[in-house]
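I opened my notebook today to look through one structure, step by step. Come along and check each entry against the picture.

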Amino acid sequence: MRKLSFAGNRALDDYTLSAAIATTNSSWAATWPIIRLLGFGEKRTFDETEFRRDVVRLVLLYRQSGYMSAVVDTVVRREPKNVFITFRIHEGDPVRVARLEVKGVAGILDTAKLRRALPLQVGDPFNRFLFQASADTIVVRLRNSGYPYAEVLRNFDSEAGILRAEVELEAIPGRRMRIGEVQIRGLEALDTGVVRRILTVHPGDLYRQDALYQSQRELFGLGVFRSASVLLVDSLPPVEGSGGGQGAAGPEADSTVRVLVQVVEGPRHRLRLGAGYGSVECFRVQTGWAAHNFQGGARVLDLSARVSKLGGGDSASTKSGGGGLNQLCNPFAASWTLDTLNYTVGVALRQPAFLSRAHTATVGLFAERRSEFHVYTREAVGVNADVTINARRAVPVTLGYGYSVGRITKADAATFCSRFRLCTDSSRAFLQERRPFGAVSVTAVRDRVNNPLDASEGSLVTATLLHASRAVGSKAPYEFNRGELDMARYYPIGRRTVFAWRLRGGTILPQDITLLSQRVGYVPPDQRFYGGGPNSVRGYGLNELGPRVYIVSDTNPMQVDTVIAGQKVFKAVRTVPTGGNSVVVLNAELRFPSPIFAQRMRLGLFVDVGRVWERTGGVVSLDSLRVTPGVGVRITTPLGPVRVDAAYNGYPAERGPLLFQTPTDSIIRIRPTDGVSPPDDYPPPGGRKRFWDRIVWQFAVGQAF
């Protein structure tokens with residue numbers, strides 16, 4: 001099949017029509033002579049018998065959609081190896097709904113409100129699919145109002161000659177019922193009382209079908225069951241009370257219905273092992289052991305450990321340009337400057353149905369060493385506790401508290417010198433001392449995506465507020481307020497094409513502390529915002545978007561490349577990101593199937609906009625926003641899509657202060673000699689870049705957002 005097309009269709013689009021027939025088009029890659037010879041692309045042969053049936057299928061589809069006089073003709077052009085088909089459709093005028101009657105719900109549901117909510121309305125084409133959907137809508141509302149055996153009879157009178165249809169939906173509610181006995185079967189080690197606390201159906205409650213579904217979801221959410229189902233024991237309604245008029249008889253006239261909860265417990269203990277690779281974290285391994293129903297009560301005890309940056313090389317190998325596996329650990333950016341492994345070891349105890357069946361509590365202990373590329377390394381031990389309110393509802397809210405004792409073991413001296421004028425070892429030692437960090441946080445999540453690994457429809461909104469001060473256990477300089485909002489939306493286009501966008505914004509309001517007899521709003525390096533990288537603005541390397549400083553270790557004349565506006569431009573200059581206290585990032589991306597290997601590969605067109613600022617007062621200007629477009633490839637794997645992106649960055653390197661680092665790690669600010677240029681306006685080295693020099697490559701597992 002070389003080409004399949006439709007002509008004359010207005011009521012039904014091409015996608016709907018193509019989904020209703022057996023004849024399908026070959027992929028366009030299979031029609032290219034060279035690609036076709038290589039065997040790429042999906043080729044579909046022409047079946048004469050199915051083609052004839054497709055004409056009937058389309059006529060039936062139109063009649064079911066209300067177009068009783070629709071006519072389908074075909075045009076077929078044959079070549080030795082190709083077939084070109086066009087379905088020519090004359091839709092005609094539809095039969096429209098002239099009257100829509102809803103009976104049997106008076107005194108139970110708001111009839112006027114119900115009619116407005118039906119998919120089929122007066123004046124619409126008489127679509128049989130929407131007719132059935134309208135009946136289902138009434139059934140669902142009745143079953144959520146205490147009528148488990150409600151049914152709806154569909155009647156209609158359609159006259160194709162005068163293009164008119166009269167529709168009637170008659171509800172038979174049956175008797176209103178309440179929950180009677182709740183039977184629980186399949187439990188072995190878990191206590192029955194725990195399951196009953198989790199359920200949203202209880203004896204005496206008015207029957208609601210949604211409550212059964214909610215109970216089933218919450219049982220799965222415990223993580224201790226291999227399977228769980230919540231359903232009615234009685235499959236047929238009682239003989240008495242079958243009339244619809246008994247629905248409003250009052251609670252004393254309600255019958256009861258039995259509910260069966262059938263579960264199969266999973267293994268009591270589970271062991272997890274994993275390994276992976278990333279261009280930033282290099283090789284990593286992780287393991288975990290979980291004990292389900294720990295000491296009863298459906299509690300889960302979880303022990304976990306994770307080590308990353310394995311094979312990242314050391315300082316000597318980085319400086320010499322070698323390092324064995326080092327080049328594998330960051331193939332699209334510079335070499336490592338922080339030579340430590342990252343690790344996390346923790347134990348956590350999770351209690352479902354905490355105070356209420358809808359809440360979940362977790363308490364944990366941890367020890368960690370974590371770092372941010374080119375910025376800092378922090379070591380800490382601590383405890384955290386949180387309570388998630390409405391843990392499995394529409395918008396769960398988590399209230400958390402964390403307390404840790406740690407210190408910044410490695411951070412570039414330039415960060416402290418450029419931002420806070422702490423340019424000597426003695427002055428920086430104060431900020432690198434071990435000190436407590438206590439914080440209270442509130443996080444709300446609204447998750448409506450259809451796939452957490454590769455969403456194609458829905459939305460995800462996350463809002464986080466964090467407060468750290470002496471009142472909650474922190475000591476200077478860990479005193480600040482931090483807020484962040486992340487919103488993403490996904491729109492399906494056709495079968496496999498998706499348009500997605502994300503907006504991320506955040507700000508930090510620091511408390512003033514005294515440093516060298518001056519009051520400054522200090523934010524520690526591990527709490528600042530950073531931008532750039534595979535999940536941010538992809539036209540910049542990891543953490544390269546936003547404020548930065550330039551460091552030279554050798555200022556002899558042989559290292560001077562040129563002089564610009566009185567400022568020497570050195571050959572060997574090291575760039576250090578300093579982060580900021582405000583950030584905004586906007587991503588927009590179109591994801592669509594690749595012309596080759598369409599089932600396993602997709603392409604992406606994207607535009608990223610963003611900026612990281614050091615806000616010192618006043619209104620943040622948006623003039624310095626950076627816009628970087630790009631393209632990418634996504635390959636489907638069981639762990640999610642493996643992604644390679646190429647983004648174009650047409651901007652010159654960011655300007656910033658120039659610092660000289662002595663062999664003893666003292667920092668001296670180098671100022672322009674012309675007396676005019678700003679001291680923080682160092683011109684980065686490098687002349688005019690070629691096009692390919694402006695391309696930034698990013699590699700990651702999973703979508704960018």
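I began with charges over rings: Arg-154 lies over the face of Phe-131, with 5.7 Å to the ring centre. I keep in mind that this is a predicted model. I then looked up another such case and found Arg-77 over the face of Phe-84, at 4.0 Å from the ring centre.

**Entry: ring pairs**

How many aromatic pairs are there by the rule I used? I got a count of 13. One of them is Phe-6 with Phe-87, a stacked pair with 5.6 Å centre to centre and 20 degrees between the planes. I checked where the two partners sit: Phe-6 is in strand β1 (residues 3-7) and Phe-87 in strand β3 (residues 83-90), so I noted a link between distant parts of the chain, 81 residues apart.

Are Phe-6 and Phe-87 buried or exposed? I found both of them buried. I also followed the ring pairs onward, and they link Phe-6, Phe-46, Phe-51 and Phe-87 into a cluster.

**Entry: the sheet**

Next I turned to the strands. In what order do the three strands of the open sheet stand? I read β1-β3-β2, with mixed pairing. At the edges I found β1 and β2 (71-78), each with a single partner strand, so one side of each has no neighbour in the sheet. On average, neighbouring strands here are turned by 15 degrees against each other, direction ignored.

A reminder from class: strands of a sheet pair through backbone hydrogen bonds, either parallel or antiparallel. I also saw that Ala-7 stands opposite Arg-88 in β3.

What lies across these strands? I found helix α3 (residues 48-64) lying across β1, β2 and β3, and running at about 155 degrees to β2.

**Entry: the cores**

Last, I looked up the largest nonpolar core, which has 27 residues. Among those with the most contacts inside this core are Val-195, Leu-219 and Phe-225. Which elements each supply at least two residues of this core? I listed β7 (177-185), α6 (192-198), α7 (209-221), β8 (225-232) and β9 (255-265).

Leaving aside neighbours within four places in sequence, Phe-225 is in contact with residues including Leu-187, Leu-190, Val-195, Leu-219 and Val-263. Apart from this core lies another, of 22 residues, among them Val-102, Leu-120, Phe-126 and Ile-138.

Methods:
Residues numbered from 1 in each chain as written. Predicted model: local features only at pLDDT ≥ 70, side-chain atom pairs only at ≥ 80, totals over all residues. Heavy atoms only, no water. Core = buried A, V, L, I, M, F, W, Y, C linked by side-chain atoms within 4.5 Å. Buried < 20%, exposed > 50% of the residue type's maximum accessible area, 1.4 Å probe, protein only. Helix = DSSP H or I, 4+ residues; strand = E, 2+ residues; numbered from the N terminus. Contact = heavy atoms within 4.5 Å. Phe/Tyr/Trp six-rings, centres within 6.5 Å; stacked < 30°, edge-to-face > 60°. Lys NZ or Arg CZ within 6 Å of the ring centre and 35° of its normal. Pairing = 2+ DSSP bridges. Axes fitted to C-alpha atoms, helices over the stretch in contact; angles between N-to-C directions.
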